[in-house]
Amino acid sequence: MRNLAILAVMALDGCSLSTFNAGRNDFKGQPLSAVEVKLGHPDQQEAIAGQKIYTWFKGQSLMPCKIRVVMGGDVVDSYETTGDAGICSPYDYRPG
């Protein structure tokens, strides 16, 4: 019975966390520094057609997650993740 109660609390805690995290990683319109707070300094930086693009690599070489931020001037224009779903899930954009 005690284990059942613990499982119930864990399940409820998971639901509340997913509700709390809804809309996380919504960096559009924010400065690059907002992304850097979450991810640290980018691993790669380039400019294509006048737009700055920043890339982070998370996870391992066999199960990578690539996070790419395209800037529109001084603010984030797009934020996307590609790669292993398990590794990318903490970094995914999830609309609220």
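By the sulfur-distance rule (a disulfide is a pair of cysteine sulfur atoms within 2.5 Å), the count comes to one disulfide. The model is predicted; local features need pLDDT of at least 70, side-chain atom pairs count only at pLDDT 80 or more, and totals for chains, interfaces and linings use all residues. Residues are numbered from 1 along each chain as its sequence is written, and side-chain values use heavy atoms, with hydrogens and water left out.

The disulfide is formed by C65 and C88, with sulfur atoms 2.1 Å apart. The torsion about the S-S bond of C65 and C88 is about 120°, so the disulfide is right-handed. The pair links distant parts of the chain. C65 lies in strand β3 and C88 in helix α3 (residues 85-88), 23 residues apart. Helices (H or I, at least four residues) and strands (E, at least two) are DSSP runs, numbered from the N terminus. Both cysteines, C65 and C88, are buried. Buried means under 20% relative accessible area, exposed over 50%, and partly exposed in between, with a 1.4 Å probe and protein chains only.

The sheet comes next. Four strands form an open sheet in the order β1-β2-β3-β4, with antiparallel pairing. Two strands pair if DSSP finds at least two bridges between them. Strands β1 (44-48) and β4 (75-83) stand at the edges, each with a single partner strand, so one side of each is left without a neighbour in the sheet. From one strand to the next, the twist averages 20°. Axes are lines fitted to C-alpha atoms, for helices over the stretch in contact, and angles run from 0 to 180 degrees between N-to-C directions.

Each pairing can be followed in turn. Strands β1 and β2 pair in the antiparallel sense over five bridges. E46 has I53 in β2 as its bridge partner. The hairpin of β1 and β2 has two residues between the strands, and A49 takes a positive phi near 50° there. Strand β2 (residues 51-59) is joined to strand β3 (residues 64-72) by seven bridges, again antiparallel. K58 has C65 as its bridge partner in β3. Y54 stands opposite V69 in β3. The hairpin of β2 and β3 has four residues between them. Eight bridges join β3 to β4, and these strands run antiparallel. M71 is bridged to V76 in β4, and K66 stands opposite T82 in β4. In the hairpin of β3 and β4, with two residues between the strands, G73 takes a positive phi near 75°.

T55 is in strand β2. T55 is buried, with a relative accessible area of 2%. Contact means heavy atoms within 4.5 Å. Leaving aside neighbours within four places in sequence, T55 is in contact with P42, D43, Q44, K66, I67 and R68.

A helix covers part of this arrangement. Helix α2 (residues 32-39) packs on the sheet and touches β2, β3 and β4. The direction of α2 makes about 10° with that of β2. The buried residues of α2 are L32, A34, V35 and L39. They cover an arc of only 160° around the axis, which puts them on the same side of α2. The arc is that of the directions from the helix axis to the C-beta atoms. These buried residues of α2 pack against β2, β3 and β4. Just after α2, G40 takes a positive phi of about 85°.

The pLDDT, the predictor's confidence in each residue from 0 to 100, averages 80 over the chain. A score of at least 70 is reached by 73% of the residues. Confidence is lowest in helix α1 (residues 2-20), at a mean of 41. Confidence is highest in β1, at 96. Over residues 3-22, pLDDT stays under 50. For residues 3-22, the model has two contacts beyond four places in sequence. Where pLDDT is low, the predicted coordinates should not be read in detail.
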